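Try each task before reading its solution.

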Amino acid sequence: MTNNNLIDDCIFCKIIRGEIPSHKIAETDKACAFLDINPISEGHCLVIPKYHGEFFHQIPDDYLADILPLARKVALASGLDEAQYNLLQNNGPMAHQVVPHVHFHIIPKPRKEEGLIVGWPMKEASQDKLKGTLNRIKEKL
Ligand code: 5GP
Ligand code: ZN
């Protein structure tokens, strides 16, 4: 079946079309899960929409709606209900995105030294500052 929401020059669109090989775990009409080719930890996989878009906010709701249930199924099948893991989605090169087709990583965290390592540079914020942020976002909803 042709999918007009894919493009020619994208490695993940090619994986969806089966033009390049992948270790596909499962798929729906609108999403696909496969093993990451360079896993951070064993079982590291990716869940992607069958819709080409570079950023999360560009993906239509019906495609997004298939992604998390599929990710959950894969996490359960991977035994992650009895383990720890990160679900990660990067947007933009500064935010560590390398492949410009939206993808959600499922990354098992079997040990402290393995899996995803996250920097978390938290800062204190005043109530006024938090209120300002809240208003800025809510005004545009
Ligand atoms: P990003 O840094 O963009 O969030 O992550 C891209 C991920 O895609 C990386 O973990 C990388 O290993 C994976 N990847 C890149 N090219 C391929 C490929 O051709 N096949 C598969 N299965 N994974 C890929
Ligand atoms: Zn693509």
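**Exercise 1. Which loop holds His101?**

Before you start, note that this is a predicted model, where local features need pLDDT of at least 70 and side-chain atom pairs count only at pLDDT 80 or more, while totals for chains, interfaces and linings use all residues. Residues are numbered from 1 along each chain as its sequence is written, chains are lettered from A and ligands numbered from 1 in the order in which they are written, and side-chain values use heavy atoms, with hydrogens and water left out.

Step 1. Look between strand 4 (85–88) and strand 5 (104–108): that loop carries His101. Helices (H or I, at least four residues) and strands (E, at least two) are DSSP runs, numbered from the N terminus.

Step 2. Check the accessibility. His101 counts as buried because its relative accessible area is 0%; the scheme is buried under 20%, exposed over 50%, partly exposed in between, with a 1.4 Å probe and protein chains only.

**Exercise 2. Work out which atoms coordinate the zinc ion (ligand 2), and why the arrangement is called tetrahedral.**

Step 1. Collect the donors: Cys10 (SG), Cys13 (SG), His52 (ND1) and His101 (ND1), at 2.0 to 2.3 Å. Donors are N, O and S atoms within 2.8 Å of the metal (3.2 Å for Na, K and Ca); water is not among the atoms, so sites may look incomplete.

Step 2. Get the angles. The 4 donor atoms subtend 106 to 114 degrees, so the arrangement is tetrahedral; for four donors, that label needs all angles between 85 and 135 degrees. For reference, the ideal angle for four tetrahedral donors is 109.5 degrees.

Step 3. Read the spacing in sequence: C-x2-C-x38-H-x48-H. Cys13 in helix 1 (residues 11–17) and His52 in the loop between strand 3 (45–49) and helix 2 (61–77) are 39 residues apart, and the pair links distant parts of the chain.

Step 4. Cys13 is buried too, because its relative accessibility is 0%.

**Exercise 3. Describe the largest pocket and its lining.**

Step 1. Its volume is about 680 Å³. A pocket is an open set of points on a 1 Å grid over the protein atoms alone, where a 1.4 Å probe fits, with protein on both sides within 12 Å along at least five of seven lines; lining residues have an atom within 4 Å of a point. Points are joined across faces, edges and corners, and the volume is the space filled by probe spheres set on them.

Step 2. Of the 29 lining residues, Phe12, Asp36, His44, Leu46 and His105 are the closest to the centre.

Step 3. Helix 1 gives the most to this lining, with 3 residues.

**Exercise 4. Is His96 buried or exposed, and what is its phi?**

Step 1. His96 is exposed, because its relative accessible area is 65%. His96 lies in the loop between strand 4 and strand 5.

Step 2. Its phi is near 75 degrees, a positive value in a residue other than glycine. Most residues other than glycine have a negative phi.

Methods
Four donors count as tetrahedral if all angles lie between 85 and 135 degrees; four count as square planar and six as octahedral if opposite donors are over 155 degrees apart and all others between 65 and 115; anything else is irregular. Ala, Val, Leu, Ile, Met, Phe, Trp, Tyr, Cys and Pro count as nonpolar, Asp, Glu, Lys and Arg as charged, and the others, Gly among them, as polar.
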